[in-house]
Amino acid sequence: MTQDFAGRTALVTGGNSGIGRSVATQLAARGAHVVISGRDVARGQDVVAQLRAAGGTADFVQADLAELDSVRSLAKQAIELGGGHVDVLVNNAGIFPFGPTAEVADTDFDAVYAVNVRAPFYLVAELAPLMAARGSGAIVNVTTVVAYVGMSGMAAYGSSKAAVELLTRSWAAEFGAAGVRVNAVSPGPTRTEGTAVMGEGLDNLASTTPLRRVGTPDEIAAGIVFLASDAASLIHGATLPIDGGRLAV
Ligand code: NAP
């Protein structure tokens with residue numbers, strides 16, 4: 001069983017930054033036609049240019065995943081770009097505004113649930129039935145260690161990703177018989193554009209893990225790509241922690 005994606009189309013949400021960009025890069029290097037999405041067109045086009053320069057096949061679709069119409073439109077455009085099929089869906093895009101519960105603005109709360117929960121939900125609603133009709137497909141959701149570990153200041157974010165954990169198992173039950181595998185990864189602290197504002201705070205968080213260091217986007221992407229590949233053919237409904245051992249202790 002290989003990690004070859006030749007002939008397959010993969011939609012990677014948030015593929016223009018951080019973990020998503022690493023996933024897109026690794027999938028393209030393994031032969032996938034990669035469709036990445038994000039709101040920032042310049043960053044999206046930059047990544048596409050890099051992937052193409054390296055010999056890969058890639059497209060960018062601008063989409064605001066806080067808007068349901070945009071989510072549905074992204075799914076349709078990805079199908080079109082894939083010549084009628086999307087074989088791999090990586091629900092990676094996410095937002096993580098932190099703060100005490102009493103200070104979380106209702107607009108932030110709604111945005112967290114719209115981007116982190118509703119968007120993956122409706123992307124799966126649009127794409128998984130088509131995968132099922134073809135008898136194959138792989139979905140990988142990106143959650144977080146704080147979906148498992150209660151952490152002060154991360155109630156809204158952690159709970160949204162805990163919902164995605166349950167969705168992973170629900171979808172495994174719903175689509176498995178049709179040959180569609182659904183799994184998740186739960187990263188620990190990882191250095192990306194999105195966590196740059198945390199500075200040394202990220203190192204402090206990582207110092208509580210047995211490996212005592214922050215992760216790289218490539219390390220998270222390696223697990224995502226494995227789960228999306230045929231090498232993981234019997235792995236289904238599982239979450240792979242990629243967190244330096246944080247959940248082990
Ligand atoms: P990042 O560098 O901030 O990237 C986030 C991506 O999501 C960007 O591509 C961004 O694109 C996209 N995105 C955000 N809001 C969007 C919206 N409304 N519509 C469409 N796209 C949107 O973050 P990251 O650190 O790589 O995180 C990726 C995933 O890993 C997230 O789900 C995050 O929760 C999870 N995670 C990260 C860590 C960590 O320590 N980094 C740890 C655990 C889990 P645009 O800005 O162009 O829209």
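Let's begin with a term. A cavity here is a set of grid points where a 1.4 Å probe fits but cannot get out. Keep in mind that this is a predicted model.

The largest cavity has a volume of about 30 Å³. Which residues line it? Asn-91, Ala-93, Asn-116, Pro-120, Asn-141, Val-142, Lys-161 and Val-164 do. By class, that lining has four nonpolar, three polar and one charged residues. As for elements, helix H4 (106-134), strand E5 (137-142) and helix H5 (155-175) come up here. Each of H4, E5 and H5 supplies at least two residues of the cavity lining.

The largest pocket has a volume of about 980 Å³. Its lining counts 46 residues, and closest to the centre are Asn-92, Gly-94, Ile-95, Phe-96 and Gly-194. By class, the lining has 21 nonpolar, 18 polar and seven charged residues. Five elements each give at least two residues to this lining: H1, strand E2 (33-38), H4, H5 and helix H6 (200-206). Which of them gives the most? H1 does, with three residues. H4 and H5 therefore turn up again: at least two residues each for the pocket lining, and at least two each for the cavity lining, counting as helices the DSSP runs of at least four residues.

On to the ligand. Where does the ligand sit? In the largest pocket. Two elements give two or more residues to the shell around the ligand: helix H1 (18-29) and helix H5 (155-175). There are 32 residues around the ligand, and Asn-16, Arg-39, Asn-92, Tyr-157 and Thr-192 come nearest. By class, the shell has 12 nonpolar, 14 polar and six charged residues.

Look at Asn-92. A polar backbone atom of Asn-92 is 2.7 Å from an oxygen atom of the ligand. Thr-190 has a polar backbone atom 2.8 Å from a ligand oxygen. For Gly-14, a backbone N or O atom lies 3.1 Å from an oxygen atom of the ligand. And how much of the ligand does the protein bury? Alone, the ligand exposes 880 Å², and the protein buries 94% of that.

That's the tour. Questions, please.

Definitions and conventions
Residues numbered from 1 in each chain as written. Predicted model: local features only at pLDDT ≥ 70, side-chain atom pairs only at ≥ 80, totals over all residues. Heavy atoms only, no water. Near = heavy atom within 4 Å. Polar contact = N/O pair within 3.5 Å; in protein donor to acceptor, adjacent residues only side chain to side chain. Areas by Shrake-Rupley, 256 points an atom, 1.4 Å probe, with all protein chains shown as cover. 1 Å grid on protein atoms, 1.4 Å probe; cavity = no way out; pocket = protein on both sides within 12 Å on 5 of 7 lines; lining within 4 Å. Sits in = over half its atoms within 2 Å of the grid points. Nonpolar A, V, L, I, M, F, W, Y, C, P; charged D, E, K, R; others polar. Points joined across faces, edges and corners; volume = space filled by probe spheres on them.
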